[in-house]
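Morning, everyone. I'll keep this short. Please have a look at the model on the screen, and then we'll go through the interface.

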Number of protein chains: 2
Amino acid sequence: MSDKEEKIISRIKEIESTNLARDEIRDEVIATKKAVERDNELLAERVHQNFIDNNIKSFDIVGAIGAGKTALLEAIVEKLTPKYRVLVICGDITTRVDADRIEQHNAETVQINTGRECALNSYHIHQIIKNKDLNNYDVVFIENVGNLICPSDFILGTDKRIIVVSTTEGEWVVEKHPVLFKMSDIAVINKVDLKERLGTDVDKMISDAKKINPKIEVITTSAKTGENIEKLMNLMGF
Amino acid sequence: MSDKEEKIISRIKEIESTNLARDEIRDEVIATKKAVERDNELLAERVHQNFIDNNIKSFDIVGAIGAGKTALLEAIVEKLTPKYRVLVICGDITTRVDADRIEQHNAETVQINTGRECALNSYHIHQIIKNKDLNNYDVVFIENVGNLICPSDFILGTDKRIIVVSTTEGEWVVEKHPVLFKMSDIAVINKVDLKERLGTDVDKMISDAKKINPKIEVITTSAKTGENIEKLMNLMGF
C-alpha cells in the first residue's frame, strides 16, 4: 500500500463520533438530551410570544469569548437608549463583568451566571422575564455565554440571532462552526481594524458564511472605531 | 426604596442556575450526566496507563477558538520532530484544517470531528489509540475543541493540561473561566506581540490565573514571533 493510500485510509477511519457514553446508557443519554431540547423549544416559544405581545424587539447574540459581543452591545445600546428602553441579559459562567460594562450606557442589565453550563437556555430567560413587567421595555438583548458551539443546542425565543466572530479568531472560524451560522440571521465580523495587522482573509470569512447560509446578512464592523455600527443597527431594524 | 437599594435587590435575585430541564426529568438528566462523567474518568485512567506503559509524554491543550493552540503546536512540533516521534490528535466540530497545518511539521496527525460535541472525551482518545502501536511515539499532543467551558467536564488521561488564552480575548478571559484554570498545569497567554496595540492588561491575566490556581505555571508567548516558545517547552519537560 502506498503512503498516500495509507493516509487516505487512516483519514477514512477517523471518527465522526457522537458517542459520549458506553452502549448500556447511550440510549438514555440521547433520550434525556432530546427531552431537554424539546422542553427548551416549548419554553422558547412562550418567551417569544411574551416579547411579541409587549411589542419588544429581541435579539440573541452569540460568539466566542473576546469576539466583541459586549463591546458591540455597548456601542449599540449607547445609541439606542436616548430613544428606546433597553434590557440586556448577559450570560457567563461566572462574574458580572459584562453587565457592569453595559450598564454604563443606561440600559437595565441582568447577569446570569450559569455555573458550568456553556450556553443560556430558554429556562434562564423565562426565569428573568417572569419577574419583569415587560411593558417597561422596547428592546431586549441577550448576550449568550461566550462560545460558538453550545448555543446551537438552545434557541431562546428571540426575533433574531446575531453571530459575532472577529478577525483575531482566524479565517477558519466560520467554516469550523457551520451549525451556528445556519441558525443565525446576521453575521458580524468584528475587529476589522486589525485585519491588515493580522493578515486575516476577511473575504474568505464572508464567503464561507454565505456558503453555509445563503440567507444570512454579513457585515464587517469595528466596535473600537465605530465602523459600520449604524449599518449593523439598520440590519437589526433600527 | 432608593434606586440603589432596588439595584442591589435585583442583583441578589439574579439566577445562579444549573437548571437545564423541568422538575420531572431533572433527576434523570443529572444522573445520566454523572454516569457519563464517571465512565469518562475510568476510560481516561486506562488511556493514561497506556501512555505511561509506552513512555509517552502526553498533553491536552485547551483554549478558545483563535487563541493560537494550533500555531503554538506548529512551533513546538517543528522543534521536537527532529528528535521525537510525535502524534497530534486534533478535535474540532468539523474540518481538518488544524491537522493539515500541523502535518506540515512532520508529526503524524489525526483529526477528530465531534459533530456537535463541544469537547473531546476519553472515549474519542481511546478509539484512536487502540488502533495505534504506541511503541511508535514519544509524545502525544491532544488539541481539544476550541472553547473554554466544556473541556472541564472531560479529562482525557494526559500527563498535563495546558490552557491557552490570548491577549485578543480581553483581560477578563481568565477570571471568567476559573474551572478550567483550576484543572490546568500550565497557562499560556499567547499573542503578547499584540499587547500594546490592544491595550490588554496582561499582568491582570497572570495574577488572576495565580489567584485561581496557585500551582499553575504561567507563561506569555507569541507563536507568531517565537517569543518564549523554548521556555514553554522547558516547562513541558523538553
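Chain B and chain A bury about 6,100 Å² between them. Of that area, 57% is on carbon and sulfur atoms. Keep in mind that this is a predicted model.

Now the contacts. On chain B, 68 residues are in contact with 67 residues of chain A.

How many salt bridges are there between chain B and chain A? The count is six. Here is one to look at: B:R116 pairs with A:D153. The closest N and O atoms in that salt bridge are 2.9 Å apart.

Which elements of chain B supply at least two residues each to the side that touches chain A? The helices are α1 (3–12), α2 (23–53), α4 (97–103), α5 (122–129), α6 (178–182) and α7 (195–198). Strand β3 (108–113) is on the list as well. The most comes from α2(B), with seven residues.

And the make-up of that side of chain B? Its residues divide into 27 nonpolar, 18 polar and 23 charged.

Last stop, one residue. B:D92 is in strand β2 of chain B, residues 86–92. Is B:D92 buried or exposed? Its relative accessible area is 5% and the cut-off for buried is under 20%, so B:D92 counts as buried. Leaving out residues up to four places away in sequence, B:D92 touches A:K176 from chain A. Within chain B, its contacts are B:D98, B:Q111, B:I112, B:N113, B:T114 and B:V145.

Note on methods. Residues are numbered from 1 along each chain as its sequence is written. Chains are lettered from A and ligands numbered from 1 in the order in which they are written. This is a predicted model: local features need pLDDT of at least 70, side-chain atom pairs count only at pLDDT 80 or more; totals for chains, interfaces and linings use all residues. Side-chain values use heavy atoms; hydrogens and water are left out. Helices (H or I, at least four residues) and strands (E, at least two) are DSSP runs, numbered from the N terminus. Buried means under 20% relative accessible area, exposed over 50%, partly exposed in between (1.4 Å probe, protein chains only). Contact means heavy atoms within 4.5 Å. Buried area is the accessible area (1.4 Å probe) that two parts lose on being put together, summed over both. A salt bridge is a side-chain nitrogen of Lys or Arg within 4 Å of a carboxyl oxygen of Asp or Glu. Ala, Val, Leu, Ile, Met, Phe, Trp, Tyr, Cys and Pro count as nonpolar, Asp, Glu, Lys and Arg as charged, and the others, Gly among them, as polar.
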